Amino acid sequence: MAPTSDPQTMQRSYLWQDGTLRSWLLTTDHKRIALLYMASITAFFVLGSLGAALIRLHLISPTGAILSDETYSRMFTMHGIVMVWLFLVPSIPVTLGNFLVPLMLGAPDLAFPRLNLISWYLFVMAGALVVYGLFRGGLETGWTFYTPLSTDYTQGRVLPVVAGVFLSGFSSIATGVNFIISIHQLRAPGLTWYRLPLMLWALYATSVIFVLATPVLSITLVLLAFEHVFHVGVFDPALGGDPLLFQHLFWFYSHPAVYIMILPGMGVVSEVVSTFCHKPVFGYRFVAWSSISIAAIGFLVWGHHMFVAGTSLYAAVVFSMLSFLVSVPSAIKVFNWLGTMHGGAIRLDAPMLYALGFIGLFTVGGLTGLFLASLASDVHLTQTYFVVAHFHYIMVGGMVSAYFAGLHYWWPKITGRMYPEMWGRTAAALLFFGFNLTFFPQFLLGYEGMPRRYATYPAQFQVLNVLSSAGASILALAYILPLIYFIWSLFRGARATANPWQATGLEWRTSSPPPTENFIEPPVVTHDAYDYAALDHPAPAPQAEPPHV
Amino acid sequence: MTWLPAASVHAGQVDILLGGLLLISLAVLGLVFGLMLLNIIRFRVGSRVPVSAETVAHKSWRFEIAWTSVTLAVFFALFLWAARLYVVGFQPPSGAIQIYVTGKQWMWKVQYPGGQREINALHVPLGRPVQLLLTSEDVIHDFSIPALRIKHDVLPRRYQSLWFTATQVGAFRFYCTQFCGIGHSRMTGTLIVLTPTDYANWLGQTPASGSLATRGEALFIHNGCSGCHVSQPYSPGADDTSRAPSMVGLYGSQTMGPDGQRVKVDNAFLHDAILHTATVSGQAAAYATQMPSYRGVLAEEDLAALIAYIQTLSPSRLSGVGMSASPERKGN
């Protein structure tokens, strides 16, 4: 059907058209920028994972196995900051999103290609500053920077780290603006809003949060830096400030940031589930609008991080109710994915296994979120390992599974090569089991009352901690394996066809890998998204229909 | 590994709530994984049962509305259940024993009304309500007692409160659960619940240099409070409140807040008033001389003693007040 990526397609592709280092570093091609980003966030992911490995190794013993209290505190601070701002927040949007938004729109590039390149340079500078701060001096505040600990009671390198996070925010905003404008302006003829792939709805919602929430973080960090350096009383009560003000501002960004991390993953899963069931997504409009409502309600739930912080009882009750409300659209998505599977033609290739893993683990993460949205149970469980387990189920079980689903799914499109399927399935299974073994025991630890961020702990918690550390070693294997076979596939993988999964979507209509200009002929859209009937029985001469939405 | 004990009625109620949440979660998980497996088995490539696209589209609205409303209803019920328990859990009953707990990097200092003090240990009697008045001398800490299923952040220079009635004799761990620096994991201690007789014995055997209120009275004079504030009902000049409000009968009464609203004089109010009068009292401006701030002059332990003393000047109102934070005052 479609031409395979013969050597000639490879030559024409964005990968090889100009092979100089200069052409890569000064590229404005969204696909190359996506790869630059991919290399950077992979490096940060490895760094953050090494931190996690040391943490889990240390916690094998109740008295702490390898690190001093100080190094342990610096290690979990490093793990949190690197993973949140240098991996999870950018992850899918800047890699798969950057690569796919123009392709899915049928456009040659994003609306602002240079802004896109600038955002990568900002990100790299941000990463360099953070890493400099964390390794030349270190920081022991946790990724949450709670005041007055971070402003007046730390010897750590607050300034470079905060400056780095501040800078990474501008990179996020640039990406968000670019996506929003591209989706508004660059849709191919016939590509109406309700024909957009659900990935684009998810990325649109994500971009809105990038643009609206990130400035609040930037302002908060500036205030924090002012208090730290000039002792201006903003947050420290000893200087006349209010420590809860920091928490309100911080979570006003950082809770929506959770949706920055998970919404793109939901977009990936919608694409993958549909393709591997060969069936349109059940309740397309509900799934699309659930992304938007998550983004909207997500701005109104920050107070659930503060149920025991000393805010008013009334505020706690209202925030609890809103937190239950924000989980409804997520539940809608899960039910719709299951509805999509019903009556489909299900293939269990690696991307689908990762996507199914996402659905299961995200559901566990969501349900345990109810334990924390419920006021009286939150009082017992918050600030314990229950919370650690809960957000790792969303961030790692959910988000990382979805990222891997997307990487495997679009790998043929990105590289023109197939990954080895058997190894892909093995890694997906390892991730699922390793993850559960690592984090499920932490729910029990949390119920038993083990506080988070403890360098040492009472001996009664050891069994569960050792189980968790054992799981982490399997999890490490599940990360290393794809790294190896992805690199292997670049040289030895089977050459990919234009549409190896029989998927709909414009990105599959161009060659794998695509040419620099994306499409030799600008595409015209004549069908809804996920119209497999049209794919399986193509009409002889497709014609453009006028947009009807 | 021993299972976590439930050492209060509230702890048992939280466990029932957790059990309810767990059952609902298991049901949903069973549904999700069950449907996933059924779909995979039934609709794998090769065993295809074709479904016409039109029936699906036709049915989809009904499905969407059904699962959205069921989810909403279940969530709303859970919300109400948990919120009720939480609100009740933060209202202390009258007549609670007030114990002052001060966190600092990295220890807990505990002061009893009788003047006894200890570090990283908290003794309470069985079956009597106890109210902890929590504050910090440096960063934010959190006082957490898993066996009672309660915790609360401990903020610098501000009172927070936790209350409980222990129903089980024994020793239970408490922890700092808000990261407070590198010694965080060493900031733990033991809650010891004694029978009332043992508790009385323990209080008797523990050395105390005068009760908290006695120490507070000395501080009241020593720091010059008595120069302006009346504290003796029948002494000469006892009706002279021209320079400052009288302390007699003040605790538990209503006064005016900074924005003219009515506020109750409780532990948190007195604490804040001593440190920075103008920000909590709307009446400060009515007096010719402004009260100086005692921030940096009085340690948290001194403040606790002063407040205990001021409480004794309103004996009729002593019971049932002192909740650190009526909802209006907790906000920031």
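1. Let's start at one proline. Setting aside neighbours within four places in sequence, A:Pro102 is in contact with A:His30, A:Gly97, A:Ala107, A:Asp109, A:Leu110, A:Asn518 and A:Phe519. Please keep in mind that this is a predicted model. A:Pro102 belongs to helix H5 of chain A, residues 91-105. With a relative accessibility of 1%, A:Pro102 counts as buried, because the cut-off for that word is under 20%.

2. Next, an arginine in a loop. A:Arg417 sits in the stretch of chain A between helix H15 (385-415) and helix H16 (421-448). Its relative accessibility is 13%, so A:Arg417 counts as buried. Two backbone oxygens are worth a look here. The side chain of A:Arg417 reaches the one of A:Leu490 at 3.4 Å, and a polar atom of that side chain lies 2.9 Å from the one of A:Gly493.

3. Helix H8 of chain A runs over residues 158-185, which is 28 residues. At 1.5 Å a residue the helix should span 40 Å, and the end C-alpha atoms are 41 Å apart, so the two values agree. How many residues of H8(A) are buried? The count is 20 of the 28, so H8(A) is largely enclosed by the rest of the structure.

4. Aromatic rings deserve a point of their own. Over all chains, the whole structure holds 64 aromatic pairs. One of them joins A:Phe250 and A:Trp251, edge-to-face, with 5.1 Å from centre to centre and 85 degrees between the planes. A:Phe250 and A:Trp251 are both buried. A further edge-to-face pair is A:Phe432 with A:Phe433, at 5.5 Å centre to centre and 90 degrees between the planes. Here A:Phe432 counts as partly exposed, at 22% relative accessibility, whereas A:Phe433 is exposed, with a relative accessible area of 57%.

5. Ring pairs link A:Phe276, A:Tyr409, A:Trp410, A:Trp411, A:Tyr419, A:Tyr485, A:Phe486, A:Trp501 and A:Trp508 into a cluster.

6. Rings also meet charges in chain A. Which ring does the charged end of A:Arg32 sit over? That ring belongs to A:Trp24, and the charged end is 4.1 Å from its centre. Likewise, the charged end of A:Arg285 sits over the ring of A:Tyr194, 3.7 Å from the ring centre.

7. An unreviewed UniProt entry places the feature "transmembrane region" at residues 16-38 and 65-87 of chain B. In the model, residues 16-38 of chain B are 100% helix and 0% strand, with the end C-alpha atoms 32 Å apart. Residues 65-87 of chain B are likewise 100% helix and 0% strand, and their end C-alpha atoms lie 32 Å apart.

8. Last, chain B as a whole. What helices and strands does chain B have? There are 8 helices and 12 strands. Chain B has 332 residues, of which 50% count as buried. Taking the contacts in chain B between residues at least 6 apart in sequence, 68% join residues at least 24 apart.

Notes: Residues numbered from 1 in each chain as written. Chains lettered and ligands numbered in written order. Predicted model: local features only at pLDDT ≥ 70, side-chain atom pairs only at ≥ 80, totals over all residues. Heavy atoms only, no water. Helix = DSSP H or I, 4+ residues; strand = E, 2+ residues; numbered from the N terminus. Buried < 20%, exposed > 50% of the residue type's maximum accessible area, 1.4 Å probe, protein only. Polar contact = N/O pair within 3.5 Å; in protein donor to acceptor, adjacent residues only side chain to side chain. UniProt positions renumbered as here; feature names shortened; annotations may be inferred. Contact = heavy atoms within 4.5 Å. Phe/Tyr/Trp six-rings, centres within 6.5 Å; stacked < 30°, edge-to-face > 60°. Lys NZ or Arg CZ within 6 Å of the ring centre and 35° of its normal. Expected span 1.5 Å × (residues − 1).
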